Amino acid sequence: MKQALLELTRMSRICRMVLATCFGSFILVVFYFQIMHRNPFASDVCCRKGSKNALQELYNPTQPEYANTAVLHQLRRDQVLETCRVYSATSRKRRVLTPGDLKHLVVDEDHEMIYCYVPKVACTNWKRVMMVLTGRGKYSDPMGIPPNEAHIPSNLKTLNQYSIPEINHRLKSYLKFLFVREPFERLVSAYRNKFTRKYNTSFHKRFGTKIVRRQRKNATQEALHSGSDVKFEEFVGYLTDPSTQREEPFNEHWQTVYSLCHPCHIHYDLVGKYETLEEDSNYILWLAGVSDYLRFPTYAKSTRTTDEMTAEFFQNISSQQQMQLFELYKLDFLMFNYSTPSYLKME
């Protein structure tokens, strides 16, 4: 509750910063995305079994106790809208979404919801929940689903598997949500998971060897072969090297939320936050009408990446690289109302 109140206070000061770096303007390919303040309901949006669906319940809540929650999520939507407006007005490039851009959007037909998953923001547990929701009785307990099974693509249907008319219908009629996290905390979490765990040999081979080869002087043959001991400073050097993104897009574990979920093209009805994960998640399950028998899994926080831990990782990063890294993730900071970290040396 305290986190939500703090956010409500900060939200009143919607960012007016004009972005100096121009990435691209937008051609909106989804016609329902007119304006976020507009009520999205029309007579052609039907209700399941004579009752409101999740999207209708969000915008027209029937329970007074959720009125403040609805206001909070409206403010989050406004923040995204304002950032997109400023960004679009200051950029020259144009961007059109293709079905391939929608592979992170998981569809739940039964409850009329679409979830854009972001790695390192509780996506394993949310995929488990989506498997329960879409399994039609096959699963009952999210935590009974092994983590690796949650990441098998065939276990969940994504929006890119539909035709263009089917995609537009679902984007118009279904509740769309995503979860976000403080960008640098998410980045450090990705580094810790993919480069400091011995079992992640696939990442060591695919990315670690490349990072060592480019970033480490006088690297040993063992390091060049295994890529298993990448330092955080080397990881940051790899991310800020202009040639990295010229070769291929960032891996999804450290790609920006902006690039994974396209929030300036797709109108997300609900932006959940890692900082209020259980509260936001269970609100979504209530909107879906399943909260009587399904709750979002709780988890141990002893090993999670914290702000204090993130600050320690950034101690040995030069001010120049900190600035470059901030520019890479700037839209995520602005769009989701995260303050510039106090530990950054932004001279």
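Mentor: A residue is called buried under 20% relative accessible area, exposed over 50%, and partly exposed in between, with a 1.4 Å probe and protein chains only. At 0% relative accessibility, C261 therefore counts as buried. The model here is predicted, so local features need pLDDT of at least 70 and side-chain atom pairs count only at pLDDT 80 or more, while totals for chains, interfaces and linings use all residues. Residues are numbered from 1 along each chain as its sequence is written, and side-chain values use heavy atoms, with hydrogens and water left out.

Trainee: What does C261 form with C116?

Mentor: A disulfide is a pair of cysteine sulfur atoms within 2.5 Å. C116 and C261 form one, with their sulfur atoms 2.0 Å apart. C116 is in strand β4 and C261 in helix α12, 145 residues apart, so the pair links distant parts of the chain. The torsion about their S-S bond is about -90°, which means a left-handed disulfide. C116 is buried, with a relative accessible area of 0%. Helices (H or I, at least four residues) and strands (E, at least two) are DSSP runs, numbered from the N terminus.

Trainee: How many disulfides does a search of the whole structure find?

Mentor: The search finds two. C84 and C264 form a disulfide with sulfur atoms 2.0 Å apart. C84 lies in helix α3 (residues 67-89) and C264 in the loop between α12 (257-261) and β6, so this pair ties together parts that are 180 residues apart in sequence. Its S-S torsion is about -90°, so the disulfide of C84 and C264 is left-handed. C84 counts as buried at 7% relative accessibility, and C264 at 3%. With bonded cysteines counted along the chain, the pattern is 1-4, 2-3.

Trainee: Which strands stand at the edges of the sheet?

Mentor: Strands of a sheet pair through backbone hydrogen bonds, either parallel or antiparallel. Two strands count as paired if DSSP finds at least two bridges between them. Here an open sheet of four strands has the order β3-β4-β5-β6, with mixed pairing. β3 and β6 (270-273) stand at the edges, each with a single partner strand, so one side of each has no neighbour in the sheet. From one strand to the next, the twist averages 25°. Strand β5 (residues 175-180) and β6 run parallel and are joined by four bridges. F177 stands opposite L270 in β6.

Trainee: At what angle do the axes of α8 and α10 cross?

Mentor: Axes are lines fitted to C-alpha atoms, for helices over the stretch in contact, and angles run from 0 to 180 degrees between N-to-C directions. Under 35 degrees counts as roughly parallel, over 145 as roughly antiparallel, 65 to 115 as roughly perpendicular and the rest as oblique. The axes of α8 (residues 201-215) and α10 (residues 232-240) come within 9 Å and cross at roughly 85°. That makes α8 roughly perpendicular to α10. Contact means heavy atoms within 4.5 Å; F207, K210, I211, R214 and Q215 of α8 meet E234, F235, G237 and Y238 of α10.

Trainee: Is N218, with its positive phi, buried or exposed?

Mentor: Most residues other than glycine have a negative phi. N218 is not a glycine, yet its phi is positive, about 55°. N218 lies in the loop between α8 and α9 (221-226) and is exposed, with a relative accessible area of 79%. E112 also has a positive phi of about 55° without being a glycine, and lies in the loop between β3 (105-108) and β4 (113-116). At 12% relative accessibility, E112 counts as buried.
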